[in-house]
Number of protein chains: 2
Amino acid sequence: MPGTASLPPRSLAVIGVGLIGGSFALALREAVGELRVVGYDRDEVNLAAARHLGVVDVAAHDIAAAVREADLVLVAVPVGQAGSVLEAVAPALSPTAIVTDVGSTKGSVVQAARAALGSAFERYVPGHPIAGAEHSGVRAARADLFQDRAVVLTPVEDTDELPRDIMRKCWEACGARVEEMSVARHDAIFGVVSHLPHLLSYALVYDIATRVDADTFFRFAASGFRDFTRIAASSPEMWRDISLANRDVLLLEIARYREQLDRLSDLLAQEDGQALEAYFRLAREARRNWNETP
Amino acid sequence: MPGTASLPPRSLAVIGVGLIGGSFALALREAVGELRVVGYDRDEVNLAAARHLGVVDVAAHDIAAAVREADLVLVAVPVGQAGSVLEAVAPALSPTAIVTDVGSTKGSVVQAARAALGSAFERYVPGHPIAGAEHSGVRAARADLFQDRAVVLTPVEDTDELPRDIMRKCWEACGARVEEMSVARHDAIFGVVSHLPHLLSYALVYDIATRVDADTFFRFAASGFRDFTRIAASSPEMWRDISLANRDVLLLEIARYREQLDRLSDLLAQEDGQALEAYFRLAREARRNWNETP
């Protein structure tokens, strides 16, 4: 087996120096002490800011230049771009460098990596840090973004053990707790607890916004609406990519959710107050229990 | 026309001394200086606390005792109980006292008031303060709860002008801005911006909580889930009542919302990234614009 980069990485390439990519650079640098970070971003202004802020040491002109001397390559672009990015990474990758990503879906990215990386695929570790993204862009990047957060790795059968261990240790050095699961389980879980709520939230806002008298509705929307629709302010591009990438799961889950709406409609039509209260009570208990989980 | 209580009220009866009822007592007392507040609550512990905290001056043994000498009677109970409360209020009501409520639905309460109050119905002013209710109970009551908040009054054709003016002035004295609209419009608007989101939120939590592997889903639920489901921690009893009371609107709106889900499903099935992005973008713009409205 060809050698793989050892710990700790000394040279990191970040492709997509946004909140997540930027924060990983800051966190890893803090953890390992000495780290050379080369960044690339399709947005030149953002890349310049990353350089200016010291999030990256060098702003590369293109992906190949960024990747050439890296021990570790972090792909932190919208999941719809992962394929083309990995195709640009592959030819410039050193024979021992590790590649990893942070995408909100794993199935589509793993598939793209398999196609793009060839024999380097065994050095690719699929990853997904569960870290807040209310703000975006490199100016929001923080070294402690992953502190006490979960990071999910979804290595596949072909993934070598050493790259996997190295990524686990890197994330733990950033303060995160690392969990592993299959690609399919990841996309199923996050499809329900993250992707579906975004779609449901977008759908309500869209429904209201496209009414003739939308203004009146918005005028009287208050705190409940605010919380429920906060995630409808999320990046349309990012969520287009995630929705398409996790399409199969989402189609299934939307259908399943529709059954809940059918059930509630039936209870309302039958004026079954007891059943409605029991339904809401079960949900409230579950929500409260979740809220209290450390 | 029989006389009506003049401004300011000197004696207030609060039936249901919770967050809203209690806050109205505190706010009105602060506004008018001298105000005798008699409270009644089916929960003796809550009523005792209201007395102890000085939210009410007198804790009455029953509704009739509370109402007997009041200029103004505020009904602040779950909307499903409004009917029986108004039936108890009616016989004890003085010939000039005003009755008002704070329920989240207006159609059902107005109907109950018409049946219960007889000729006193013209002195009933239907109302709904749009004020935060994350906490509940008299201990959460605050004099400034309605400061800069909207209060909607939905007087009907039979409602006398003087009681209506008096209620407007009372709410304005509490710091609120008062808006008027028809009962139907009120229930249509709040059905969409408040009632429906609560049902949608309950439905997602219920869906997850009733899965065999619910624990795993909750384990990876994060900030998006938190915001979207915050309102699923709301009172099951209150929302049973609201759902039943605004049933017709909710059945309509659930059906309408289902169309949005159908639309999103179609776009996903067709892998129409452009349309998905446009959909999410429209929603985000609307949400951002709403957020910025003072």
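Helices (H or I, at least four residues) and strands (E, at least two) are DSSP runs, numbered from the N terminus. The model described here is predicted, so local features need pLDDT of at least 70 and side-chain atom pairs count only at pLDDT 80 or more, while totals for chains, interfaces and linings use all residues; side-chain values use heavy atoms, with hydrogens and water left out. Residues are numbered from 1 along each chain as its sequence is written, and chains are lettered from A and ligands numbered from 1 in the order in which they are written.

Confidence comes next. The complex receives an ipTM of 0.91 and a pTM of 0.91 from the predictor.

Helix H10 of chain A spans residues 236-245 and also holds A:Asp241. Buried means under 20% relative accessible area, exposed over 50%, and partly exposed in between (1.4 Å probe, protein chains only). A:Asp241 is buried because its relative accessibility is 6%, whereas A:Met238 is partly exposed because its relative accessible area is 32%. Contact means heavy atoms within 4.5 Å; leaving aside residues up to four places away in sequence, A:Asp241 touches A:Pro78, A:Val79, A:Gly80 and A:Gln81.

Rings of Phe, Tyr and Trp (its six-membered ring) pair if their centres lie within 6.5 Å; planes under 30 degrees apart count as stacked, over 60 as edge-to-face and the rest as tilted. By this rule there are 19 aromatic pairs over all chains. One of these is the edge-to-face pair of A:Phe146 and A:Trp171, at 4.9 Å centre to centre and 80 degrees between the planes. This pair links distant parts of the chain, 25 residues apart: A:Phe146 lies in the loop between strand E7 (127-130) and strand E8 (150-153) of chain A, and A:Trp171 in helix H6 (residues 161-173) of chain A. Both A:Phe146 and A:Trp171 are buried. Elsewhere, A:Tyr202, A:Tyr206, B:Tyr279 and B:Phe280 are joined into a cluster by ring pairs.

A charge sits over a ring if NZ of Lys or CZ of Arg is within 6 Å of the ring centre and within 35 degrees of the ring normal. In chain A, the charged end of A:Arg211 sits over the ring of A:Phe217, 5.0 Å from its centre. In chain B, B:Arg211 lies over the face of B:Phe217, at 5.0 Å from the ring centre.
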